[in-house]
Amino acid sequence: MSANNAFHIAVLAGDGIGPEVMAPALEVLRKIEAKSDLRFRFTEAPAGANNYLATGKSMPDSTIKLCEEADAILLGACGLPSVRYPDNTEIAPQIELRFIFDLYAGVRPARLIPGVPSPIVGADQRGIDLVVIRESTEGLFASMGKGIVTHEDARETLVITRRTSERLFEFSFRLAERRKARGKQGSLACVDKANVFKAFAFFRGIFDEIAKNHPEVKTDRLYVDACAAMLVKRPWDFDVMVMENMFGDIVSDITASLIGGLGMAPSADIGDKYAVFQPCHGTAPDIMGQGKANPTGMILSAAMMLDWLADKHGVESATEAGEQIERAVDQVYAGGLKPMEFGGSNGTADITKAVIAAL
């Protein structure tokens, strides 16, 4: 789309509950469109395990071309436990897109919404509002599909490069600065295992170099095991954390669990030109088609998309639209909305209707 406030969105609903949570997110964006100057064109395309079963590919070339041409990509959950490649790994377009479009910054916010239970004592009073930034193209995942397996052993290679690390840290510092401007802590912690592995000492060394260019951001350096222990004791002490791919994969699931679970957690994979927005949860085939899926993570991922589009294209109304979605979600949960994973009775339709009404 050519207009500055009009955006073409590639929609890859995926597998399992993916289509069930994607539909509410699109409803929310259409509501935003109806009450703002923003305009959206949604183009749906296949991706995931079902497409692999039908065609032998996780995504057709047409889907990749669509993603390349779109302003942003909305992705539902992809993959099914029962569908595997010949090497026994799952079908994962979400990972493949990171490599295809060089989406090196995996952004995983964890914000405790009013009325949502946290397993951490005191979190309801102290609050949780942090972001895990997971490098998404290197680390241990660089070995995906390339590992060597023999009868005697199996080997995967961890890769950390200067170019990607520098871009990752610059992105992380800019995010910390933006958060500080919005009244948050604005601090950044490098999380690694530099006391054991040379690769992580290299990673931390680059962080220290980039930190010199951002003296206004308070920095810290933490070993990943100590970081995990601190997160489940005092998560409110954290703001932005940056780490290698596999560590980020694990730590972001921990942080999502602190704010009510994966159903509440949005995410983005961002590069210099392209970005994918998706919930942190999986395809949950055990509840597929039952109306139980929680669309909150997907809806908040759409809000993240609006904030990214605003920053990329200088459209202030998109920033406000993203904030409106977050406020609407906060309002309905503070008002007593209780999804089924919290022991409540509110399913997909109830949550969607409530958020739309709050908007």
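Over the ring of which residue does the charged end of Arg134 sit? In this predicted model, the charged end of Arg134 sits over the ring of Phe141, at 4.9 Å from the centre of that ring. The points below turn to the sheet, and then to the aromatic pairs.

**The sheet**

- Ten strands form an open sheet with mixed pairing, and their order is S2-S1-S3-S12-S11-S4-S5-S10-S8-S9.
- The edges are formed by strand S2 (39–44) and strand S9 (218–223), each of which pairs on one side only, and the twist from one strand to the next averages 25°.
- Strand S1 (residues 6–12) pairs with strand S3 (residues 72–75) in the parallel sense over four bridges, and Ala10 stands opposite Ile73 in S3.
- Helix H7 (residues 198–211) packs on the sheet, where it touches strand S8 (187–192), S9 and strand S10 (240–243), and the direction of H7 makes about 175° with that of S9.

**Aromatic pairs**

- The structure holds nine aromatic pairs, and one of them is stacked, because the rings of Phe40 and Phe42 have their centres 5.8 Å apart and their planes at 20°.
- Phe40 is buried, with a relative accessible area of 8%, and Phe42 also counts as buried, at 19% relative accessibility.
- The rings of Phe277 and Trp308 have their centres 5.9 Å apart and their planes at 55°, so this pair is tilted.
- This pair links distant parts of the chain, with Phe277 in strand S12 (residues 275–279) and Trp308 in helix H10 (residues 296–313), 31 residues apart, and both Phe277 and Trp308 are buried.
- Phe169, Phe173, Phe203 and Phe207 are linked into a cluster by ring pairs.

Conventions. Residues are numbered from 1 along each chain as its sequence is written. This is a predicted model: local features need pLDDT of at least 70, side-chain atom pairs count only at pLDDT 80 or more; totals for chains, interfaces and linings use all residues. Side-chain values use heavy atoms; hydrogens and water are left out. Two strands pair if DSSP finds at least two bridges between them. Helices (H or I, at least four residues) and strands (E, at least two) are DSSP runs, numbered from the N terminus. Axes are lines fitted to C-alpha atoms, for helices over the stretch in contact, and angles run from 0 to 180 degrees between N-to-C directions. Contact means heavy atoms within 4.5 Å. Rings of Phe, Tyr and Trp (its six-membered ring) pair if their centres lie within 6.5 Å; planes under 30 degrees apart count as stacked, over 60 as edge-to-face and the rest as tilted. Buried means under 20% relative accessible area, exposed over 50%, partly exposed in between (1.4 Å probe, protein chains only). A charge sits over a ring if NZ of Lys or CZ of Arg is within 6 Å of the ring centre and within 35 degrees of the ring normal.
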